[in-house]
Amino acid sequence: MADRIANPLDMHRQHWPESYDAQMLPLGLVLTQAYTAQHSRATRVMAANGLSPAEFDVLASLRRTPPPHALTPSEIQRAVLITSGGLTKVLRQLETRGLVTRSMQHADRRVKPVALTAQAMPVLEKAMSELHTVIGDWMRRSLTGAENHRLVSLLTKLVNTAASD
C-alpha cells in the first residue's frame, strides 16, 4: 500500500518539483484514497439494493426534502453529487478550448490518447498554485504538522484495511 502513495509522490517530486509540497500532497492523496474506499463500499450497498449511485443520489435528494419530497429538475441538479455530463463531454470541451489534444495511436485506431497542450500549462500552474494556497492554508489552520502527519498515517491505515476486504 505504501507504494500506492509513494509512487505518485515520488513522480510528482521528480517531474513537478516546484509544486511539490511534502506536507500537503501526501494528505491530499490519502484523503482521495480514503474517499475511494468509502465510495466502493457505498456502491456495493446501492447495487445490492438495485440502485446505481446516481439513482440513489436523486432519491436521497428528494427524501431529505419536506413532504411531499418533491423538487424541480433544476433543484435536483443542484442537489445531487453527480455531474450532468460525462468524461467524453469534458474531453470535448477541453479540446475545443485548446487545453488538450487527442491523437490516434497507430497500433489501435480506436484509442485516442489525451495530452495537455502548451496553452494548458499556465492554466494548470495557476490552478495548482491557488489550490496550494487555499487548501494548504485551511489545513495548516486546522492541523499542526504533527497532526497532519498522524492523520496521513491514520487514513493510510483505513485505505490498507479497505484493500484487504
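What percentage of the 165 residues of the protein chain count as buried? The share is 23%, where buried means under 20% relative accessible area, exposed means over 50%, and partly exposed lies in between (1.4 Å probe, protein chains only).

This is a predicted model, in which local features need pLDDT of at least 70, side-chain atom pairs count only at pLDDT 80 or more, and totals for chains, interfaces and linings use all residues. Residues are numbered from 1 along each chain as its sequence is written, and side-chain values use heavy atoms, with hydrogens and water left out.

Begin with the whole protein chain in a cartoon view. It contains 7 helices and 2 strands, arranged along the sequence as α-α-α-α-α-β-β-α-α. Helices (H or I, at least four residues) and strands (E, at least two) are DSSP runs, numbered from the N terminus.

Next, select Asp 10 and Arg 13. These residues form a salt bridge, with the closest N and O atoms 2.5 Å apart; the term denotes a side-chain nitrogen of Lys or Arg within 4 Å of a carboxyl oxygen of Asp or Glu. Both belong to helix H1 (residues 2–15), where a spacing of 3 residues separates them by about one helical turn. Asp 10 is partly exposed at 36% relative accessible area, and Arg 13 is partly exposed at 39%.

Then select Asp 21 and Arg 140, whose side chains meet in a salt bridge at 2.9 Å, N to O. This pair links distant parts of the chain: Asp 21 lies in the loop between H1 and helix H2 (24–48), and Arg 140 lies in helix H6 (residues 120–142), 119 residues apart. Asp 21 is buried at 16% relative accessibility, whereas Arg 140 is partly exposed at 42%.
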